[in-house]
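Me: I have a model open and would like to go through the labels on its side chains. Could you take me through them one by one?

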Amino acid sequence: MSKSIFDDWFARDMDPAAYDPVAAARQAMKPTYPKRFYKEASVGPSEEGFRLLLDGRAAKTPGRNALAFPTEPLAQAIADEWAALDEFIEPLRMPITRIANSIIDGVLPDPAPVAAEIIRFASSDLLCYRADGPRGLVDQQAAAWDPVLSWFRDERGARLILSQGVMFVEQPAPALAAVAAALPAGDGWRIGATHVVTTLTGSALLALALLHGFRDRDAVWAAAHVDEDFQISQWGEDAEASERRAQRRREFDAAATVLARL
């Protein structure tokens with residue numbers, strides 16, 4: 001059981017000079033993590049391909065499924081996260097593991113609803129909504145986004161409709177069908193990781209560009225933040241917003257690593 005603030009009250013009664021209410025509040029708000037219970041994280045063969053082993057024993061997801069992967073490089077990326085932990089098992093330091101858990105428990109049994117969610121994002125894709133000014137932002141959006149739209153049109157024969165401002169524009173059914181066709185049907189691993197990229201960027205098209213190798217992870221991340229980076233260039237960067245963005249980038253990189261190692 002974690003230490004409560006009541007323990008500090010008792011400490012104050014014993015020694016009032018030693019009591020620090022700010023430190024006590026911070027201590028009470030700290031999350032508690034399970035202690036690391038293994039010495040070695042490694043990879044071993046399994047029916048699914050490869051699995052995570054902790055001191056030689058097969059690890060499981062929160063849903064009690066085997067923490068197993070279709071490729072050895074992906075399994076090794078997971079093992080590296082577990083091996084890098086110190087005294088405690090801290091989920092925030094394990095973004096690839098968290099994505100893997102979600103895919104194994106929530107996507108592999110039925111990838112279709114997750115694929116449908118990616119298609120829903122495409123119906124209001126970030127790349128289709130353009131600023132009407134200032135000129136610098138308009139030009140930056142065009143430079144980052146137009147090549148992706150052209151690639152999708154040339155590769156899939158689908159043209160999406162663009163809009164200025166926030167006015168909703170309905171995308172043609174053939175364009176959304178092309179998005180669906182660009183997803184690997186039944187491949188829960190790739191669909192799950194692509195969904196993570198989609199939600200973090202606001203763009204199914206950027207996620208597909210990463211999935212199919214048209215853009216690398218840095219280019220996709222930069223394209224997703226054209227608007228934000230333009231605002232930063234004009235007004236400066238907020239520290240809290242910067243930390244939130246860094247956390248999203250860690251999640252994004254984890255999803256990109258899953259795609260790269262499949």
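This is a predicted model: local features need pLDDT of at least 70, side-chain atom pairs count only at pLDDT 80 or more; totals for chains, interfaces and linings use all residues.

Reply: Happy to! Residues are numbered from 1 along each chain as its sequence is written, and side-chain values use heavy atoms, with hydrogens and water left out.

Me: Why is Phe168 called exposed?

Reply: Exposed means over 50% relative accessible area, buried under 20%, and partly exposed in between (1.4 Å probe, protein chains only). Phe168 has 55%, so the label is exposed.

Me: What makes Phe69 and Trp189 a tilted pair?

Reply: Rings of Phe, Tyr and Trp (its six-membered ring) pair if their centres lie within 6.5 Å; planes under 30 degrees apart count as stacked, over 60 as edge-to-face and the rest as tilted. Here the centres are 5.8 Å apart and the planes stand at 55 degrees, so Phe69 and Trp189 form a tilted pair. Phe69 is in strand S4 and Trp189 in helix H8, so the pair ties together parts 120 residues apart in sequence. Helices (H or I, at least four residues) and strands (E, at least two) are DSSP runs, numbered from the N terminus.

Me: How do you know that Trp221 and Phe252 are buried?

Reply: Trp221 has a relative accessible area of 5%, so it counts as buried. Phe252, at 0%, is buried too. These two also form a tilted aromatic pair, 5.1 Å centre to centre with 50 degrees between the planes. Trp221 belongs to helix H10 and Phe252 to helix H12, so their pair links parts 31 residues apart in sequence.

Me: What makes the charged end of Arg120 sit over the ring of Phe121?

Reply: The rule asks for NZ of Lys or CZ of Arg within 6 Å of the ring centre and within 35 degrees of the ring normal. The charged end of Arg120 is 5.2 Å from the centre of the Phe121 ring and is listed as sitting over it.

Me: How do you know that the buried residues of H5 line one face of the helix?

Reply: In helix H5, Val114, Ala115, Ile118, Phe121 and Ala122 are buried. Seen down the axis, they fall within an arc of 110 degrees (taken from the directions from the helix axis to the C-beta atoms), so they line one face.
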